[in-house]
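The following account leads through the architecture of a single protein chain. Please examine the sequence and the model before reading on.

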Amino acid sequence: MKTIKVTMIVTSIFLVILAFSLLGCHAKLTSVSPYRRAPGEIFLISGENFGNRQGSQVVGISRCRASIIYDVLFWMPEEIEVRLPSDLPSGNYKVFIYDDSDHTGSNSLDLWITAASVPLAIIDPYEVQVKSFRARYGKSIEWERWMLDNRGRYEAAFLKAKEAPCTRNIAFRYDTDPIVYEPPWVNEDQHMAALKAISDLAYPGYDFRFLFDGDTDYSYANAIAGIPTNESFASGKDVYLYYETIFIHEFAHILCIPHHYDTIAEMGMRRHMPPGESECLMDRGTNQFCSACRTALNVPLDVDTEEALDAAIAEIWRRYPY
Ligand SMILES: [Zn+2]
Ligand SMILES: [Zn+2]
């Protein structure tokens, strides 16, 4: 009896020591350098407890979703070097180490993945964004100059969009009474899906989530539909909508994107347009954004969603009673 008890105590102590040693062995990241990289480029992760070889561990990056970096150049106890995949969308990412054997993850650190490579000597974030978009999408030097000259119009939006979460929760509610759609939506889930469709198509790469009567404290923005007059507007993080389809325009204001026109009389007159372009949702001539608004919003310049976007907008429009 005594032997069993002693054995149990010894076993318990051993298990506690094992547990502590396992905890102590988890990978911990202390730095990622350099702080920004372009797709296909190499970066270094420093820290501790990485182990002598990769084993069951992987380097992960996440933005909208997590993915594994398979191209590992070397793996040492305090340093790992990896090469980014060549097809990543630009944006702020988290870097971490995941251990598949016990399903644990390390702490995570930031890495800004730019659209294309920009010399590290350039440190101004807005300039980096503009130069990376010019390189990735083949824009001209005139375009770059225009973007830098118009920093005052787009820098605030760029900084706000850069720090925003990938998934945008939008709390939806009616202003007073529900809109009497004809034909009606099957349910509000279908209605919210229709709003998500126009928003995801207007902002390629973003992930909108419309929550009917959602919590306005935890939302990124709020959509209030069915205001009495045709004067939709954005205020703070609230978007007041007469026609819901104008959400995609008003949401850009929440992200600090200005109109291209200075006065209402100039609407659609193609004022303040980047070189060679004539249409933008913020000039009300089309449902898509111009390259300037896209660069600020970190939306790719080579994605054309016009057809699907127009169809998704028509799907909401056709149900409006007014
Ligand atoms: Zn507006
Ligand atoms: Zn624009």
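How much area is buried between domain 1 and domain 2? The area is about 530 Å², of which carbon and sulfur atoms give 42%; buried area is the accessible area (1.4 Å probe) that two parts lose on being put together, summed over both. The model is predicted, so that local features need pLDDT of at least 70 and side-chain atom pairs count only at pLDDT 80 or more, while totals for chains, interfaces and linings use all residues. Residues are numbered from 1 along each chain as its sequence is written, chains are lettered from A and ligands numbered from 1 in the order in which they are written, and side-chain values use heavy atoms, with hydrogens and water left out.

Domain 1 spans 2–113 and domain 2 spans 160–317, with bounds that come from an automatic or database domain assignment. Their C-alpha centres lie 39 Å apart. Six residues from domain 1 and five residues from domain 2 make the contact (heavy atoms within 4.5 Å). On the domain 1 side, Arg-63, Cys-64 and Asn-92 lose the most area to domain 2, together 72% of what that side buries. Zero salt bridges are counted between the two domains, a salt bridge being a side-chain nitrogen of Lys or Arg within 4 Å of a carboxyl oxygen of Asp or Glu.

In one of them, the side chains of Arg-151 and Asp-124 meet at 2.8 Å, N to O. Arg-151 lies in helix H4 (residues 151–163) and Asp-124 in the loop between strand S10 (109–113) and helix H2 (125–137), so the pair ties together parts that are 27 residues apart in sequence. Helices (H or I, at least four residues) and strands (E, at least two) are DSSP runs, numbered from the N terminus. Arg-151 is partly exposed at 26% relative accessibility, as is Asp-124 at 21%; buried means under 20% relative accessible area, exposed over 50%, and partly exposed in between (1.4 Å probe, protein chains only).

The largest nonpolar core has 68 residues, and Tyr-203, Phe-247, Ile-248, Phe-251, Ile-257 and Phe-289 have the most contacts inside it. Such a core is a set of buried Ala, Val, Leu, Ile, Met, Phe, Trp, Tyr and Cys residues joined through side-chain atoms within 4.5 Å. Apart from this core lies another, of 19 residues, among them Ile-61, Leu-84, Leu-88 and Leu-111.
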